[in-house]
Amino acid sequence: MAQSYRVAILGATGAVGTELLELLEKRNFPLSDLKLLASARSAGSHLLFKGEKLLVEEVSDRAFDGVDIVLASAGGSTSRAWAPKAVVAGAVVIDNSSAFRMDPTVPLVVPEVNAYAAAEHCGIIANPNCTTILMSVAVYPLHQVQPIRRIVAATYQSASGAGARAMEEVKVQAQAILHGQTPSAEIFPYPLAFNLFPHNSPLNEQGYCEEELKMVNETRKIFAAPDLRVTATCVRVPVLRAHSEAINLEFDQPFSVAQAREILSQAPGIKLVEDWSANHFPMPIEASGQDDVLVGRIRQDLSHPCGLELWLCGDQIRKGAALNAVQIAELLVQKNLLKTPVAANDRRST
Ligand code: A2P
């Protein structure tokens, strides 16, 4: 008998939260109930789901009663506060924050790469960092054929990674500049419109920012390759919602461009965008709203006989966050990895 599931979105009013709502509808996730949770700020507001207005509630101690799956995207401190309570209430939490990603008891899952890891969950599954998800989808198919020894990445990250208010801030800044005014910055440390700056996450004593270290450590965990050498430079750019990345890969043996192209053209979650005659390659404007990671400019590294270069763009809110989380939820359902699935006709429908 078909089963359906009670789902809660924690952070439903945010950039990722609203995308989660859209994807659950678009992908026809088997829902029997959908609960929208946020802070007191937006409690009492409504969001549309399948043409119906759903109430946004403030997250509370009883909010997870009877819930099977929590899709959390409300920041690290909110996840740390509420995810353990949701697990005690019987739910499996798919957490989009960085709170639990490096916890050895928490699987860190990109379904195209390590779907198997989801089975090892103890109530929480972490959704990786957005730049890491996009890079993993693009380079893992090559790693499977010939292990990657070293990755050097440079990212060009959109405002959406800092949430809905950050996206709004960039638009307001752009308007201000176009009207000859001085832009102000609240979410970001500096104006981002018509500007760029190294990623605004905290720096460590070696000079790496948190975002860069996420790419290093999370990629190793997802690939189950603790010795994989990864280094990154992460940069914020005045793009609204898709991230771009320049990736240099080093292998033990030469990896032919033709073979890499052939492998990536058949890999899940990837679309090759390479029109060399028109100089048309992945762009954030074309990646926005797409499920696939767009990959192109695959070429030999002129400086290294075993090196490859590639360029990618991916929708940060979608595959970089919400879509990956919904795919994990689908995996839990397909593989029967939830704690207490209940038959559809035992529940009220949404
Ligand atoms: P709210 O609308 O009440 O502020 P974004 O990443 O786009 O900034 O969105 C963050 C999401 O997380 C929003 O839905 C926001 O809700 C929610 N949120 C932020 N802080 C809390 C909190 N302390 N408790 C519950 N939800 C929170």
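A helix crossing is left-handed if the near helix is turned anticlockwise from the far one by less than a right angle, and right-handed if clockwise. With that in hand, welcome to this predicted model, in which α4 passes α6 in a right-handed crossing. Salt bridges are the other topic here, and the count comes to 15.

**Helices α4 and α6**

- The axes of α4 (residues 130–145) and α6 (residues 210–223) come within 10 Å and cross at roughly 40 degrees, which makes α4 oblique to α6.
- On the α4 side, the residues in contact include Met-135, Val-139 and Tyr-140, while α6 contributes, among them, Lys-214, Met-215 and Ile-222.
- Sorted by class, this contact of α4 with α6 has seven nonpolar, five polar and three charged residues.

**The Glu-19 and Arg-318 pair**

- Glu-19 and Arg-318 form a salt bridge through their side chains, at 3.0 Å from N to O.
- Glu-19 lies in helix α1 (residues 15–26) and Arg-318 in helix α9 (residues 318–334), so this pair ties together parts 299 residues apart in sequence.
- Glu-19 is buried at 5% relative accessible area, and Arg-318 is buried at 8%.

**Salt bridges of Arg-27**

- Arg-27 meets Glu-330 in a salt bridge of 2.8 Å, N to O; Arg-27 sits in the loop between α1 and β2 and Glu-330 in helix α9, so parts 303 residues apart are tied together.
- Arg-27 also forms a salt bridge with Asp-291, where the closest N and O atoms are 4.0 Å apart.
- Arg-27 is partly exposed at 30% relative accessible area, whereas Glu-330 is buried at 16%.

**The network**

- Salt bridges link Glu-19, Lys-26, Arg-27, Arg-241, Asp-291, Asp-315, Arg-318 and Glu-330 in a network.

Note on methods: Residues are numbered from 1 along each chain as its sequence is written. This is a predicted model: local features need pLDDT of at least 70, side-chain atom pairs count only at pLDDT 80 or more; totals for chains, interfaces and linings use all residues. Side-chain values use heavy atoms; hydrogens and water are left out. Axes are lines fitted to C-alpha atoms, for helices over the stretch in contact, and angles run from 0 to 180 degrees between N-to-C directions. Helices (H or I, at least four residues) and strands (E, at least two) are DSSP runs, numbered from the N terminus. Angles under 35 degrees count as roughly parallel, over 145 as roughly antiparallel, 65 to 115 as roughly perpendicular and the rest as oblique. Contact means heavy atoms within 4.5 Å. Ala, Val, Leu, Ile, Met, Phe, Trp, Tyr, Cys and Pro count as nonpolar, Asp, Glu, Lys and Arg as charged, and the others, Gly among them, as polar. Buried means under 20% relative accessible area, exposed over 50%, partly exposed in between (1.4 Å probe, protein chains only).
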